[in-house]
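Keep the structure open as you read.

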Amino acid sequence: MMPPRIFGLENEYGLIFSPNGRVYLPMEKILGYIFEGLIPNSWPSNAFLSNGARFYQDTGCHPEYSTPECDRLRDLVIHDKAGERLLETCLPMAEKRLREEGLVGDIYIFKNNTDSMGNTYGCHENYLMRRDLDFWKITEQLIPFFVTRQVFTGAGKVLKVSGRTHFFLSQRAQHIHEKTSSSTTSSRSIINTRDEPHADAEKYRRLHIIVGDSNMSELTTYLKVGTTAVVLSMIEEGFTVKGMELEDPVKAIRDISRDPTLKKRVRLEDGRELTALEIQMTYYERAEAYLSALGTSADETTRDLIEYWGHVLQTLATNPMKLAQELDWVIKKNMMDSFTARKNCGWDDPRIALMDLQYHDVKRNRGLYYLLERQDLVERLATEDEIQRAMTIPPQSTRAKVRGDFIKFAKEKNRSYTVDWTYLKLNGYWEETILCMDPFASSNKRVEELIAGVAVSHR
Amino acid sequence: MSQDKKRDLKKVGRRDDAAATPNPEVLEKGKKIKENIDKLLDEIDEVLEENAEEFVKNYVQKGGE
């Protein structure tokens with residue numbers, strides 16, 4: 001069996017207020033009103049929700065949503081979408097608050113990674129991994145994978161370079177400066193070395209990936225996290241990938257992003273020159289070997305994921321546009337291609353740059369991704385019901401359930417509480433911190449006792 | 001339980017359709033997509049923000065993590 005794994009996504013969202021008329025308004029204030037919608041009674045700007053997720057204000061005044069820890073891929077896709085919906089829900093109330101102050105206008109929240117000035121904000125992926133393996137040996141094997149996976153994970157980006165407008169595969173690729181680094185802001189890297197496992201640190205460490213784009217397409221998120229988890233597992237289990245080391249990974253990631261025909265070759269340390277798809281194929285073939293070694297013990301999701309990955313790579317090699325309902329960059333490019341053909345305009349038309357941005361608007365009656373969804377032009381993985389449920393209900397198979405149930409209980413009893421990823425505490429007379437170090441444990445005896453005890457004492 | 005498991009997956013069936021040589025169903029699907037794209041392009045002007053250039057130019061953020 002593929003070993004169980006915890007993963008989670010952190011999305012930093014772009015935020016802007018577009019006033020009718022010229023006013024200066026600090027973004028902190030708008031973010032504050034959005035917070036009020038999520039967490040009434042003005043809690044500090046870092047809060048866990050009853051679905052186990054965390055919402056907080058990130059560097060640069062971005063609302064950031066961390067999904068609860070998940071061990072099922074499908075749960076993660078759903079909870080990532082639930083974050084979008086929670087923010088969308090806050091918009092009308094925040095706009096109302098602004099109107100009460102005489103500020104009429106619209107708030108926009110974008111699930112993307114770049115603004116018009118070249119600033120960037122991220123979508124961070126977290127994977128719990130074993131501590132007992134050589135982290136550097138593993139990351140060496142992961143880097144070519146992360147450089148090339150943008151052929152299916154990229155969210156697409158329209159960018160003007162020396163006077164000409166180009167379509168890039170990835171939002172984030174042009175902002176990557178290092179292979180590995182401990183910083184997430186000053187020199188963004190492919191692999192970030194932040195190591196907070198939020199679990200028993202003797203057994204686990206964290207793999208923190210900041211190179212990826214935020215995705216609108218549910219299938220793209222499925223592929224992005226799924227393939228990464230599979231590649232990590234196979235390498236951990238000894239299905240290593242040798243000879244793919246790139247001569248200059250940072251240059252390669254930018255060069256690949258610049259070529260939506262996917263023909264660009266990048267140089268390997270051994271002198272060979274391969275396309276991103278050829279490098280991905282090497283990883284895919286190893287994953288297939290890993291899958292056959294797992295035999296009947298492989299779970300269905302892993303099977304489906306690897307099969308889908310192979311299908312996507314094959315299709316990208318023959319006709320990428322066939323994936324115009326599945327992969328973000330292809331969905332976006334297809335929409336823009338159709339637009340320029342119909343309107344008889346060029347890629348430098350300002351409406352193209354607008355579409356590049358508005359694709360990511362989380363407000364569903366405004367965002368272009370959701371316009372496509374309504375026209376049945378994107379394939380989905382989850383149902384809207386599941387996403388709505390995930391706005392309040394945690395994943396049932398991880399620690400997030402303990403946290404979520406605890407928060408729900410404390411709120412119902414109107415009790416103040418303190419919560420973090422690895423502990424919970426009911427403030428007040430029975431002040432006792434309960435550690436929850438095992439992210440795989442979906443129940444906790446002491447929390448159950450606490451809930452039962454308090455429930456009794458309130459009768 | 002088995003139904004839950006099924007819903008855990010991306011539907012493999014649809015991909016098998018697309019991989020084979022074109023059959024009436026696939027062609028029909030292609031036609032449907034084309035129609036939907038046309039509808040989308042009819043609608044898109046209503047959804048796109050007015051004054052595209054200005055809107056994009058004003059979209060400035062501080063860098064995040």
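A:Ser162 sits in the loop between β8 and β9 (164-168) of chain A; helices here are DSSP runs of H or I with at least four residues, strands are runs of E with at least two, and both are numbered from the N terminus. This is a predicted model, where local features need pLDDT of at least 70 and side-chain atom pairs count only at pLDDT 80 or more, while totals for chains, interfaces and linings use all residues. Residues are numbered from 1 along each chain as its sequence is written, and chains are lettered from A and ligands numbered from 1 in the order in which they are written.

Back to that loop. A:Ser162 has a phi near 35 degrees, which is positive in a residue other than glycine. A:Asn414, in the loop between α13 (399-412) and β15 (417-420) of chain A, has a positive phi too, near 60 degrees, and is likewise not a glycine. Are they buried or exposed? A:Ser162 counts as exposed because it has 5 C-beta neighbours inside 10 Å, and A:Asn414 counts as exposed with 6. The cut-offs: 20 or more other C-beta atoms within 10 Å of a residue's own make it buried, 12 or fewer exposed, and anything in between partly exposed, with C-beta atoms placed from the backbone.

Now for the whole of chain A. It has 14 helices and 17 strands. Its radius of gyration is 22 Å, close to the 23 Å from the globule rule for 459 residues, so chain A is as compact as a globular protein of that length. (The radius is taken over C-alpha atoms, and the rule is 2.2 Å times the number of residues to the power 0.38.) Along the principal axes, the C-alpha atoms fill a box of roughly 70 × 60 × 40 Å. Of the 459 residues, 47% count as buried.

The domain assignment, automatic or from a database, gives domain 1 (7-389) and domain 2 (398-457) in chain A. Their C-alpha centres lie 32 Å apart. Domain 1 of chain A puts 13 residues into the contact and domain 2 of chain A puts in 16; contact means C-beta atoms, placed from the backbone, within 7 Å.

Which residues of α10 (350-358) of chain A are buried? They are A:Arg351, A:Ile352, A:Ala353, A:Leu354, A:Met355, A:Asp356, A:Leu357 and A:Gln358, making eight of the nine residues in this mostly covered helix. The cover includes β6 (105-110), β8 (157-161), α9 (328-343) and α11 (368-374) of chain A, together with α4 (52-58) of chain B.

That brings in the partner chain. The contact takes 44 residues from chain A and 30 from chain B. On the chain A side, the elements giving two or more residues include α9, α10 and α11.

Here's the residue make-up of three contacts. Ala, Val, Leu, Ile, Met, Phe, Trp, Tyr, Cys and Pro count as nonpolar, Asp, Glu, Lys and Arg as charged, and the others, Gly among them, as polar.

| Contact | Residues by class |
|---|---|
| Side of domain 1 of chain A touching domain 2 of chain A | six nonpolar, four polar, three charged residues |
| Side of chain A touching chain B | 17 nonpolar, 15 polar, 12 charged residues |
| α5(A) with α7(A) | six nonpolar, no polar, one charged residue |

Definitions and conventions. Contact = placed C-beta atoms within 7 Å.
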